[in-house]
Amino acid sequence: MDQGDLEQAKDYHERALAIREENLGFQHINVAASLNMLGCVLRAQGDLEQAKDYHQRALAIREEKLGSQHIDVATTLNLLGCVLMDQGDLEQAKDYHERALAIREEKLGSQHIDVATTLNNLGCVLMDQGDLQQEKDYYERSLAILAEKLGS
């Protein structure tokens with residue numbers, strides 16, 4: 001996917017998903033990982049509805065198997081929030097990113113780079129909603145973490 005060959009990436013992820021579902025069952029935690037990867041490829045291809053479906057399936061599995069406060073749940077919430085933002089469902093995108101942020105801050109600490117990513121995503125949603133002051137606050141927090149962790 002990172003090399004830009006989205007069709008081949010989609011094919012590989014579809015094959016991996018089929019193998020995992022056949023060998024592990026439809027509710028296995030590794031199936032959720034494949035669903036998320038396929039969702040990412042579909043989002044990159046612009047198939048937002050199908051990407052949303054795959055991320056929602058992954059979220060359901062992860063919440064059931066890991067609990068609603070697991071760090072892997074936060075990852076899926078963040079991915080789903082991005083798809084929803086792309087679809088223009090800003091309220092729901094904000095809700096998912098806020099849930100992801102709460103989990104990440106609790107599990108990773110407030111200065112983790114994944115927290116910065118979620119803060120940035122929330123800033124994007126707030127910008128689209130026109131809440132420029134809160135957007136600025138989230139971007140500034142994200143930038144401070146990134147500058148500390150990666151350098152200015």
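**Stop 1: Arg57 and Glu21.** Select both side chains: Arg57 and Glu21 meet in a salt bridge, N to O at 2.8 Å. A salt bridge here is a side-chain nitrogen of Lys or Arg within 4 Å of a carboxyl oxygen of Asp or Glu. The pair links distant parts of the chain, 36 residues apart: Arg57 sits in helix α3 (residues 48-66) and Glu21 in helix α1 (residues 6-24). Helices (H or I, at least four residues) are DSSP runs, numbered from the N terminus. Arg57 is partly exposed at 35% relative accessible area, whereas Glu21 is buried at 14%. Buried means under 20% relative accessible area, exposed over 50%, and partly exposed in between (1.4 Å probe, protein chains only).

Before moving on, note that this is a predicted model: local features need pLDDT of at least 70, side-chain atom pairs count only at pLDDT 80 or more, and totals for chains, interfaces and linings use all residues. Residues are numbered from 1 along each chain as its sequence is written, and side-chain values use heavy atoms, with hydrogens and water left out.

**Stop 2: the core.** Now select Leu59, Leu77 and Tyr96. Of the 13 residues in the largest nonpolar core, these three touch the most other members. α4 and α5 each supply at least two residues of this core. The largest share, six residues, comes from α4. A nonpolar core is a set of buried Ala, Val, Leu, Ile, Met, Phe, Trp, Tyr and Cys residues joined through side-chain atoms within 4.5 Å.

Center on Leu77. Leaving out residues up to four places away in sequence, Leu77 touches Leu59, Tyr96, Arg99, Ala100 and Ile103. Contact means heavy atoms within 4.5 Å. Then pick Val31, Leu38, Leu48 and Ile61: they are among the members of a second, separate core of twelve residues.

**Stop 3: helix α6.** Select residues 113-129. The 17 residues of α6 should span 24 Å at 1.5 Å a residue, and the end C-alpha atoms are 24 Å apart, which agrees. The expected span is 1.5 Å times one less than the number of residues. Color the buried residues, including Val115, Leu119, Leu122 and Leu126. What do the buried residues of α6 pack against? Show α4 (71-87), α5 (90-108) and α7 to see the partners. Gly130 follows α6, with a positive phi near 85°.

**Stop 4: helix α7.** Select residues 132-150. α7 has 19 residues and reaches 26 Å from first C-alpha to last, close to the 27 Å expected at 1.5 Å a residue. Its buried residues are Glu135, Tyr138, Ser142 and Ile145. Look down the axis of α7: these buried residues fall within an arc of 100°, so they line one face of the helix. The arc is that of the directions from the helix axis to the C-beta atoms. α5 and α6 are included in what covers the buried residues of α7. Gly151 follows α7, and its phi is positive, near 95°.

Stop 5: Glu140 is partly exposed at 42% relative accessibility, and Lys136 is partly exposed at 43%.

Finish on Glu148 and Lys149. Their closest N and O atoms are 3.9 Å apart, a salt bridge. Glu148 counts as exposed at 54%; Lys149 is partly exposed at 44%. How many salt bridges does the rule count? The count comes to ten.
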